[in-house]
Amino acid sequence: MSAARALGRPRQSEGGLSRADVLTTALKILSADGERGMTMRALAKSLSVTPMALYHHVGNRDELIAA
């Protein structure tokens, strides 16, 4: 059996992405690249997740910027 991680949703024990992770990383991107540079794709790439994974933690980009 391979030690590679299976695709899909992580197990509860693997931790996973949290709203705090999303907001902290978004703030770093905002500080470095400004509001125009803070895209959902850029944020997802920084967190090594798909952009759709972010929507479990924030409703949309405007909500994320407001937070």
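Predicted model: local features only at pLDDT ≥ 70, side-chain atom pairs only at ≥ 80, totals over all residues.
Residues are numbered from 1 along each chain as its sequence is written. Local features need pLDDT of at least 70, and side-chain atom pairs count only at pLDDT 80 or more, while totals for chains, interfaces and linings use all residues.

**Exercise 1.** State how many helices and strands the protein chain has, and give their order.

Solution. Start with the terms: helices (H or I, at least four residues) and strands (E, at least two) are DSSP runs, numbered from the N terminus. The protein chain has 4 helices and 0 strands. Read from the N terminus, the order is α-α-α-α.

**Exercise 2.** Find what share of the 67 residues is buried.

Solution. Buried means under 20% relative accessible area, exposed over 50%, and partly exposed in between (1.4 Å probe, protein chains only). Buried residues make up 18% of the 67 residues.

**Exercise 3.** Where does Ser48 lie, and what is its phi?

Solution. Ser48 sits in the loop between helix H2 (40-47) and helix H3 (51-54). Its phi is positive, about 60°, although Ser48 is not a glycine. Last, check the surface: Ser48 has a relative accessible area of 69%, so Ser48 is exposed.

Note on methods. Heavy atoms only, no water.
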